[in-house]
There are 2 protein chains.
Amino acid sequence: MRREIILSLAISAAALGAAAEDAPIIQDAEFYILQAQHAEQWAEDDAAVDQMLADFREQNDGKPPNILNILIDDVGFGDLGIPELNAIRGYETPNINQFSDEGMRMSRFYTEPSCTPTRVAQMTGRFPARQGMGDTAVDIAGFGLRGDEVILPEVLSEAGYATRHVGKWHMGDIEQSWPQNNGFDWAAFPIHQQGQLSIFNDDGIKEGVVVGNRDHDAKYMLDAFFRPDSSTMVTGVEAAKGEKAREVHMEAGERWTAKKYDEMNQRYQDQTIESLNVLAKGDKPFFLQYWPLLPLHNTRSTRDGYDSANGGLYVEKMQQLDAWMGEIFAELDKLGLAENTIVLFSGDNGHFTKYSPQSGFSAMIFRGGKADTTEGGIRVDAFIRWPGMIKADGIVNNMFHVSDMYQTLIRFAGATHLIPRDRIIDSIDQSASLLFADAGKGRRDSLIVYSDVVPEAIIKDQLKLKVPPKGENPIGAKFYNLYWDTREEYPISTEVGAWGGQEMVRVLGRHLARKQLYPDVEHATGIPYEGIENLRPETIKAVDAWKIKRAAVQK
Amino acid sequence: MRREIILSLAISAAALGAAAEDAPIIQDAEFYILQAQHAEQWAEDDAAVDQMLADFREQNDGKPPNILNILIDDVGFGDLGIPELNAIRGYETPNINQFSDEGMRMSRFYTEPSCTPTRVAQMTGRFPARQGMGDTAVDIAGFGLRGDEVILPEVLSEAGYATRHVGKWHMGDIEQSWPQNNGFDWAAFPIHQQGQLSIFNDDGIKEGVVVGNRDHDAKYMLDAFFRPDSSTMVTGVEAAKGEKAREVHMEAGERWTAKKYDEMNQRYQDQTIESLNVLAKGDKPFFLQYWPLLPLHNTRSTRDGYDSANGGLYVEKMQQLDAWMGEIFAELDKLGLAENTIVLFSGDNGHFTKYSPQSGFSAMIFRGGKADTTEGGIRVDAFIRWPGMIKADGIVNNMFHVSDMYQTLIRFAGATHLIPRDRIIDSIDQSASLLFADAGKGRRDSLIVYSDVVPEAIIKDQLKLKVPPKGENPIGAKFYNLYWDTREEYPISTEVGAWGGQEMVRVLGRHLARKQLYPDVEHATGIPYEGIENLRPETIKAVDAWKIKRAAVQK
């Protein structure tokens, strides 16, 4: 049975021209330094991992595991899964805490510092900076993820998986970037992100939470294109593979409101449950991706949570999220899927500290939040549950980067041969670390922390060097011991910088030198919203405004 | 059996003149406001508590529980008992984590902002500011705890307990303040604190960690009394009730060193184990107090922990502490005491942030540390274990102040009638909260946070007002929501200050007004070291220097 599957995979692999089963995956420099030191042990571990995975498939009708990939939005480290820290803030997330007890906490899990790059890293297994996707856009922008990236659902689809995406996508407003064109059989997603959807609407403007298109003095207004009207932008679309997308839930002339945002969130939750039911009926293993827009929320207009624990918009939405996760975990049980489905649950970056006073929540253990390259921006709660395969109620503390989930999940799916061999893959296969529940089995000990295309920090082991801005004397570079000083408040350069700083810079140097061989590329560009078959008239006008702005620089 | 005990207690109670079994305990104003709202429920709960305690005694040969009171020094919140936070810092405290799983975490446990006042509050059940004990001294000072305070071991001793104290005491260098003169049958303790003992010694001076008596340019030195020689100060003493104290472990002319400090710490650990064995053989219930000087430590001279997880003096000593706690818990098991012994394990104040860079550890969840009245200074890890009586692996999140342990432990010992009725008791009886494992059963919702004799903050529910310094416009007072903002970074005055600030000030106002009825008193004063029978010649000289300094202001 197992041989049949591998055979069918080998055939479909031909479609991914770059993949070659026997060629090694091309990695960044630090990987080879570790490999030179651990090759023998790794080979031994890999054989054991293969055996464990084969045993699983044998007990699972020859099929690899289903995968449910839940990525949540803008949540602070420690907000979920630790009852003691819940208590400090006076709320409870019982379903996620229970889930954490059933799975493994990856206690040193790094993301990129904001939504788009984190999602790109998880999907492509590559640093967003390599592909011009380190930055993000709130409004109509005309760029996105390159179609020639070979993303996780593409690999899994090739490997025989049924694939679905529900919720936030946020990797571009152009057709080639969208999930249904990148390996997903079906997708329901908003074109933009929670900025537009949760607060950049009439309610948010009325509450003074954002600047926008209705809070200005019209008599001085010359440029009607400057302040976009978010109600003219495309909101949520749905599409099946090979079909045009359709906007849903908005009529021509309708206004986008906080209430509609709440309805959208509820719809994605419902569609996730529906998708589980659809996928459970199929013969194929499945990959279901649910990327809720919660817990971030910052308008009070539709708030009905005054009696929830200790108020605060953020906590209210986190409890909503927790209730929804409870529904999903219960549905997995009900459908008999809990045992053969890997559930990955993680945050996408740190807390949105800009909203801290209004949202009633601030960063706690680490300094900074979303957009920062301090640990508060890039350390997230991350759990993975795979009953019988990954230790329950465990903690694994070696370093993970969100991109590692790419190789690791693909390995669990038995599809490593489909990973492209013509580009650097930053993702590290961390199967052994998870299956053996052993920090010593980790294969990553360093990370280049980018802010967009600028490397801002280098992490190796427990040490972190803040890369000094150009022109600043590197001898004063801030150097931290992250175990000693979680909040990066006490630079240790004077004590250990004598050696450390220089070697840290060499880690970065090797990374940059390797870009000579494998240069960065630009993100894809295109006409926004092309490929959506039911654009509203006001949306067409908004795209026209975007075209005028684009043309202005080429006159 | 129970009646006999109560009878014998009633007789010995006569010795504590102020106690009167039927008179209510005199509390601060906020207590009566809560009592007016909950009297009926409290009476019902109290009856249930009494029944539970009676049932326990019945199953325990008519005796109330033993009590082991472990108070550790200068530990940051979250450093102990939460494996997820251990992981973030790269170390493990398995014994304390295990203990936490067996007991109840009091997740909102407040101390005073430094060692001496916290210990005074726990021992006397009263704010240190009421008795001139809000401050502390490192060197020879001639003051301490008043003999007329009725402290916890005095009450328990009167109630028939065998009582012992081992380790840090730090409530004065005068005879009337010492444990053997305040209810303890036997005590082994250092006269001063970890400042003198761990770093204010020849090794600390050599390492440049402190200023001291051997790092100055002698040719300008006129005042040989200015820089005390810590080796001339009394170090550790031992004494039994009614006997003179004797200094141990120092010969005339000997120097105090980091090595001797390590030996002292080991001695206290050994004496705790010995004491358990002595007490286990007796007929009486026992109260054993072990106040280690660890984990704070800041000289490298005797450091042998280079191979412990992630280095750092603080972590090394915390792991030492954890190993020692493991020994103690194992000894309780071995002696068959685990089931009928309450173990209270708590920190005495926040992390010593001044040592952060050198010690390799900094505050994490809350802002600030020792000496600060931000939460980082006064929130500590606190656990209580009482098998079968207090829920295992529980979290109780209502507010506790360290003084509450006074009434609560005395209640558990069945000796509430021995608490004095002639003074304000700040301690609140929190028996119901612990025995019912129910935050809703808490009887404290506010705290005046003193820094020495100055009220610096007022806490009520989740709100905290920083009292503005004299002369500052109170309308700008910083007001925080502690659930939303653990680090007190985002004042909420503009949002909710309209009502809140004023009422918070009234909480303080009632507290201060009540001092008109029950005025604060001064700490006790006296001749340092009087009552130690083997003072070294150099110590006698050092006391003479102190006398010259004292006389200088009276010329």
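Just after helix α5 of chain A, A:G125 adopts a positive phi of about 70°. The model described here is predicted. Helix α5 of chain A spans residues 115–124, and because 10 of its 10 residues are buried, the helix is largely enclosed by the rest of the structure. The buried residues of α5(A) include the charged side chain of A:R119, and among the others are A:C115, A:P117, A:V120, A:A121 and A:M123, together with A:T116, A:T118, A:Q122 and A:T124.

The arrangement of the two chains was examined next. The same surface serves both copies, since 100% of the contact residues of chain B recur in chain A.

The contact draws 40 residues from chain B and 40 residues from chain A, and the area buried between the two chains is about 3,200 Å², with carbon and sulfur atoms giving 59% of that area. Of the area that chain B buries against chain A, 22% is supplied by B:I88, B:Y483 and B:W484, which is more than any other three residues provide. Across this interface, 2 salt bridges are found; in one pairing of this kind, the side chains of A:R487 and B:E489 meet at 3.9 Å, N to O. The interface of chain B and chain A also holds 6 residue pairs in polar contact, counted where both residues have pLDDT 80 or more. On the side of chain B that touches chain A, the elements giving two or more residues are α3 (83–89) and α11 (356–359) of chain B, and the largest share, 6 residues, comes from α3(B). By residue class, this side of chain B divides into 17 nonpolar, 14 polar and 9 charged residues.

Two individual residues were then considered in their surroundings. B:H401 is found in strand β13 of chain B, which covers residues 400–401, and because its relative accessible area is 0%, B:H401 is classed as buried. The side chain of B:H401 makes a polar contact with the side chain of B:E112, at 2.8 Å. When neighbours within four places in sequence are left aside, B:H401 is in contact with B:Y110, B:T111 and B:E112, with B:A121 and B:F127, and with B:R444 and B:L447.

A:E254, by comparison, lies in the loop between β8 (246–248) and α9 (258–281) of chain A, and because its relative accessibility is 25%, A:E254 counts as partly exposed. The side chain of A:E254 makes a polar contact with the side chain of A:K260, at 2.5 Å. Beyond its neighbours within four places in sequence, A:E254 is in contact with A:K260 and also with A:S231, A:H249, A:R536 and A:E538. A:E254 and A:L279 are separated by 25 residues in sequence and by 34 Å in space, C-alpha to C-alpha.

Notes:
Residues numbered from 1 in each chain as written. Chains lettered and ligands numbered in written order. Heavy atoms only, no water. Contact = heavy atoms within 4.5 Å. Buried area = accessible area lost by both parts, 1.4 Å probe. Salt bridge = Lys/Arg side-chain N within 4 Å of Asp/Glu carboxyl O. Polar contact = N/O pair within 3.5 Å; in protein donor to acceptor, adjacent residues only side chain to side chain. Helix = DSSP H or I, 4+ residues; strand = E, 2+ residues; numbered from the N terminus. Buried < 20%, exposed > 50% of the residue type's maximum accessible area, 1.4 Å probe, protein only.
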